[in-house]
Amino acid sequence: MAERRYDVDNLKNLQEEINQMNPVDIADKLEILPEKSVAIWIKLLNKDLLADAFTELRPENKDRILSILSEENIKDLIKELDEDELVDTLQELPANMVQKLMTSHIEDSRRTIINELLGYPEESVGSIMTVNFLSVKSSESPAKAMEKVMNSDLDAEKLEQIWVTDDSLVLIGFVFIADLIRNKKATIESITEPITASVSPTDDQEVVAKLSIKYDLGEVPVTDSEGRLIGIVPAEDVIDIVHEEMQEDFANVTGISDQSETYLDEPSRTIAKNRTTWLVICLITATMTGFIIQRYESILAKAVALTAYIPMLMDSGGNAGSQASTTIMTQLYSGELSAKDFLKVIFKEARVGTLVSLVLVAINFIRILIVDNVSLAVNLTVSITLFLTIVLSNVIGGLLPLIADKLKIDPTVMAGPLITTIVDTGVLLIYFEVASVLLGL
């Protein structure tokens, strides 16, 4: 990109323009602008806006921005970052840069909190929570609470909910700032909303997403083992978690390792490696279908017409299993189902599979009668196999995610290629056994 020429008027116009931009759009620009232009943008941006844009940058571009900033500007930037944002940045930067920031640019008063947050496992609630929140005690008056709001230096979005604790700092609930304003003569307790759910800092971040979706929570409180409020996970972080988990789950379902970089930036060799791993596993496991076909080769030789229906039966089974597994995984994620619902899922998917298969069998039976020149016995063989295939596939697709959940394995790992392989094997066994009985082979 060619470097832009700047004069005094241009700089004034640019300053006004970029300080009205969204931080995400600013980050996008900073990632593609030449170094000289980046330095100018940094000078013109408001400190808080620069900090917000900085958090949206990819790791390599954060390192680039820090190398452009002066020591004084780095200190200003660090001050503007919330503790959770700063922790995210430190986790993404090279070790030498982390050491420099920790020793030279992070104040002693914040270093203890930063070290504590850095001590939580990656993708745990503690590693993403923010300690910047406002709380009041239930014994205080709304007027006193409003005084704390007025004197707080927190951003406005962090003051929509004010957390309420008892005198021991144990979390009781929260109040909306609008209720504080409208009920100045009431007591804090009378306008306190109860806590729907809270999480522990050691919980997996996915727990936050599930609770937020289930209860429509704007912020999720984080409490210690004694119920004391130690942090919150804001809505914008919940959205990021949902996005990350969705990408990870989709990658697992399709048998592709999650990409740490964007598609165009990811090396082709890395993408090929990620895709090949699961394809090789499926290739090896698919040899089971080859063994089954070889075992029943004599049946196929006597009834060649059966061969034409194998792809249709395997595809129908795989699709039915994938539909069932996707439904169950969605319910697991939202908290509507758990491993204890094992039997309920079996009966539910068996009923669903029966209804679906009856429709498919009727359509397929008529299609074969009209289009294909085969005997009634072959038609019945295909139809009965299709019926059993759909029912079996639904049950298998519904059970595998529950088994994974019980074993503390990501349910999405059990989906996609694994379900297809299991279903394909079952379909062939059913097909040839039904053929053996009905066709007398």
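UniProt positions are in the numbering used here, feature names are shortened, and annotations may be inferred rather than shown by experiment. I also noted that residues count from 1 along each chain as its sequence is written. This is a predicted model: local features need pLDDT of at least 70, side-chain atom pairs count only at pLDDT 80 or more, totals for chains, interfaces and linings use all residues, and side-chain values use heavy atoms, with hydrogens and water left out.

**Entry 1: annotated spans**

I looked up the UniProt record, an unreviewed entry. Its "transmembrane region" annotation covers residues 276-293, 352-370, 376-400 and 412-432. I checked two of these spans. Residues 352-370 are 100% helix and 0% strand, with end C-alpha atoms 28 Å apart. Residues 376-400 are also 100% helix and 0% strand, and there the end C-alpha atoms lie 36 Å apart. Helices (H or I, at least four residues) and strands (E, at least two) are DSSP runs, numbered from the N terminus.

**Entry 2: helix 19 and helix 20**

How do helix 19 and helix 20 cross? Helix 19 spans residues 342-371 and helix 20 spans residues 376-406; their axes come within 8 Å and cross at roughly 155°. Helix 19 is therefore roughly antiparallel to helix 20. Axes are lines fitted to C-alpha atoms, for helices over the stretch in contact, and angles run from 0 to 180 degrees between N-to-C directions. Under 35 degrees counts as roughly parallel, over 145 as roughly antiparallel, 65 to 115 as roughly perpendicular, and the rest as oblique.

**Entry 3: helix 3 and helix 5**

I took a second pair. Helix 3 (residues 35-44) packs against helix 5 at about 75°, with the axes 10 Å apart. That makes the two helices roughly perpendicular. Helix 3 contributes E35, V38, A39 and I42 to the contact, and helix 5 contributes R64, I65 and I68. Contact means heavy atoms within 4.5 Å.

Which residues of helix 9 are buried? In this helix (residues 108-118) they are R110, I114 and L117. Seen down the helix 9 axis, they fall within an arc of 60°, so they line one face. The arc is that of the directions from the helix axis to the C-beta atoms. D108 and T112 are exposed on the other side of helix 9. Buried means under 20% relative accessible area, exposed over 50%, partly exposed in between (1.4 Å probe, protein chains only). The buried residues of helix 9 pack against helix 6 (71-80), helix 7 (83-92), helix 8 (95-105) and helix 10 (125-128).

I then turned to helix 6. Its I74, D76, L77 and I78 are buried. The buried residues of helix 6 pack against helix 4 (47-55), helix 5 (59-68), helix 7, helix 8 and helix 9.

**Entry 4: single residues**

F174 sits in strand 3 (residues 171-176). F174 is buried because its relative accessibility is 14%. Leaving out residues up to four places away in sequence, F174 touches Q161, I162, W163, V164, I191, T192, E193, P194 and I195.

G335 lies in the loop between helix 18 (310-334) and helix 19. At 39% relative accessible area, G335 is partly exposed.

D88 is in helix 7. I found D88 partly exposed too, at 29%.
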